[in-house]
Amino acid sequence: MLETKRERYEESYLYRIRHSAAHVMAQAVMEMFPDAKIAIGPPVEDGFYYDFDLPRSLTPEDLEVIENRMREIIAENHAFEKKVITSEEAREIYSDQPYKLELIEGLEQGGYDEYGEPLYAKPEISIYQHDTFLDLCRGPHVESTGKVNPDAVKLLNVAGAYWRGDENKPMLQRIYGTAWESATELEEYLWKLEEARKRDHRRLGRELDLFSVSDEVGPGLILWHPKGGMVRKLAEDFAMAEHEKGGYEFVYSPHIGKAQLWKTSGHLDWYQENMYAPLDIEGQEYYLKPMNCPFHVQIFKSRMRSYRDLPLRFAEWGTVYRYERSGVLHGLLRVRGFTQDDAHLFCRPDQMPDEIDRVLKFSLNILRAFGFQNFQAYLSTRNPEKAAGSPEQWEAPTEALRQSLERSQVPYQVDEGEATFYGPKIDIKVKDALGREWQLSTIQFDFTLPERFNLAYIGEDGQEHQPYMIHRALMGSMERFLGVLIEHFAGAFPTWLAPVQAVIIPIADRHLEYAHQVDEQLKEAGLRVEVDDRGERMNAKIRDAQNQKIPYMLVVGDREVEQGTVSVRLRTEENLGGMQVGTFLEQVGADIKARV
Ligand SMILES: [Zn+2]
Ligand SMILES: [Zn+2]
């Protein structure tokens, strides 16, 4: 199911609207603070922002004033006018704007654009003006401020942002806003935003006692608490068992390796900025691993391989460490240490199409088991500017990936020339309950490592041949995957994944003994159960269990003791009434099996 390539956001009308709204907002802020220093203000996904250096902190009331002024500027319908200027003129205009001067310098040298993003060709310098506001800008914009719908613009919040994301540089105030074509779209977006706030995995992580980050340990390093650890273990146990059934073999590798290994693999040449400083061990440099591949390659190389040994599928829940600036770290989604459900496939060319089919199917099955139904795949093809291997070498694997996507019925789009230099790949994004896309799986060919490490197998002809190598991670990283799961389910994990599946709530102390009997019976059946024996009132206990998103609440009082039953309530507040413990076990068992 090939989809025509989506319109690029940068080329969309919405992008122009948001970019224009950012300029309008900057004008309003400049009027409020004539001495404001302005930095950058690009459109972003779902909105826009602008960074300011202001004499004081902005308040929510300020945002309201700015927003009202924006509506006036929109109503005045000023045209956006572009002018190409020289760098001297630009410096003149922004003589009292240090951030703009820095950006002009970047533009002049040709290395950076007006947002400080790296550029490959030296750009022309242009400004856009509307009314009194003038910005260093390459556009594009709508024709005039009146094209921005005043009922579809909203300023959202203010956050601190370091200039150029560098914590050694000044902290600026970033105003986030959003703009849409219609008021209805804005409303929908605000609803989703509120819903996303409720599902924020960092907040739920705290409330449900799943994980934390400790200042004493360091940012971006996750501590899994018993409940989060249980969810993770259950997810891993399931996936590992599937891997075993799927013909994978498990390997384990260390967390550090010699500099020479990373030299040979190429990581020290093209990935070093993501790696941590080396450790010195007896005069030898060692690096923390940012990837598991070189280790698995060594396992492949540990003995002579014959064509009959292939395919080999080495799987490892491998923990890797990658440098991320502290400013971009985000809960479980962006961290410095994480565990990939990594595997490397080594196969003969004739086995490759089957192997691709198999791994794609496998990947979708795993994701479906966790409740994801909507997928979008992306096929990245060769970039002639930077690609290892010859175009002919890329042909068969690219075609195999494409055909496999066709057979899978998953909608996909081709990202021409978007592959990394070492091979074509498929990325799979899932849509969560709010329709947000998350990139999880990746299936990636590699033409470079087999060559760099001289991998070979003895073919039927008795000669040495180079195997195909495929990297693949299906859940991606366990940290990120669980972050996505928490948000997808809003913390209400399906019964099979819930850290506590049922809580037994005795109404009074005299029911405690019976509660513990039931507890024992359920634990024996393999259920994760707790007895809430606190001296709280029943309603408070039910409310707490609901807040903890525990799937089943079993209330026991006089009648239940007498009849040997439990009174079953769901976290959805549905009341199933009294039933025999055996009947309850059957129902839970069915839930667990169905993974709901
Ligand atoms: Zn602009
Ligand atoms: Zn790899």
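Colleague: Where does P311 lie?

Modeller: Before we start, this is a predicted model, where local features need pLDDT of at least 70, side-chain atom pairs count only at pLDDT 80 or more, and totals for chains, interfaces and linings use all residues. Residues are numbered from 1 along each chain as its sequence is written, chains are lettered from A and ligands numbered from 1 in the order in which they are written, and side-chain values use heavy atoms, leaving out hydrogens and water. Now to P311: its bond from L310 is cis, with omega near 0°. Helices (DSSP H or I, at least four residues) and strands (E, at least two) are numbered from the N terminus, and P311 sits in the loop between β15 (305-306) and β16 (312-321).

Colleague: Which residue does a cis peptide bond join to G139?

Modeller: Omega is about 0° at this bond.

Colleague: Is Q409 buried or exposed?

Modeller: Q409 is not a glycine, yet has a positive phi of about 70°. Its loop runs between α12 (391-408) and β19 (412-415). Buried means under 20% relative accessible area, exposed over 50%, and partly exposed in between (1.4 Å probe, protein chains only). With 52% relative accessibility, Q409 is therefore exposed.

Colleague: What is the relative accessible area of K549?

Modeller: K549 also isn't a glycine, and its phi is positive, about 60°. K549 lies in the loop between α16 (538-547) and β27 (552-556). K549 counts as partly exposed because its relative accessible area is 24%.
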